[in-house]
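Student: Could you take me through one part of this model closely, namely the aromatic side chains and the surface beside them?

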Amino acid sequence: DTHKDVHAAVVISLLGVVLGRRCFSTTASGYESLLEWARGFGALRRAGVECTGSYGKALTRYLRAATGDIAVIEVNKPDRATRRRRGKTDTVDAEAAARAVLSGQASATAKTSDGNVEMLRLFKLAKSSAIKSRTQTINQLKSVLIGADPGLRDEFAALSTKALVRRCASL
């Protein structure tokens, strides 16, 4: 069960017996401790990770880089009705993720978060941020003009956004 600062982990046996539950920080040493702790229960074959495109992204990358023998599986969060019946704690969610992997309910390979897809995602993120900043700046400029001297306000009122920005830059 992945979160911003802490990941909850549960190790279960092939028979579904819970072998251990523990939380780890989302740091390099935390990931190292998690893997060492989990391997302490025996050979690991699969690791189920929630949110491999966001909070679980770094853990997924770490597990892939640190091991060649563990399959990292994408686990979807359980539906709300299931979560209400079982209760909501991080370790309960982590156990549900482990059971989903064991049962085969979760079988999708985790997102790689690298290569062309990740590059495009970062470009899209940068573009969206730039567009948002541009819009905020234009709105702010037009808001400032509302309270400007009437002569200046009248002169700028009829200008297009592009012309307005050029005219203000020339002041």
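Tutor: F41 counts as partly exposed at 35% relative accessibility, where buried means under 20% relative accessible area, exposed over 50% and partly exposed in between, with a 1.4 Å probe and protein chains only. This is a predicted model, in which local features need pLDDT of at least 70 and side-chain atom pairs count only at pLDDT 80 or more, while totals for chains, interfaces and linings use all residues. Residues are numbered from 1 along each chain as its sequence is written, and side-chain values use heavy atoms, with hydrogens and water left out.

Rings of Phe, Tyr and Trp (its six-membered ring) pair if their centres lie within 6.5 Å, and planes under 30 degrees apart count as stacked, over 60 as edge-to-face and the rest as tilted. By this rule there are three aromatic pairs. Y31 and Y62 form a tilted one, at 5.8 Å centre to centre with 35 degrees between the planes; this pair links distant parts of the chain, 31 residues apart, with Y31 in helix 1 (residues 28–39) and Y62 in helix 2 (residues 57–66), helices being DSSP runs of H or I with at least four residues, numbered from the N terminus. Y31 is buried at a relative accessible area of 8%, whereas Y62 is partly exposed at 24%.

The pair of W37 and F41 is edge-to-face, because the ring centres lie 5.2 Å apart and the planes stand at 85 degrees. W37 counts as buried at 15% relative accessibility, and ring pairs link F24, W37 and F41 into a cluster.

How values were computed:
Helices (H or I, at least four residues) and strands (E, at least two) are DSSP runs, numbered from the N terminus.
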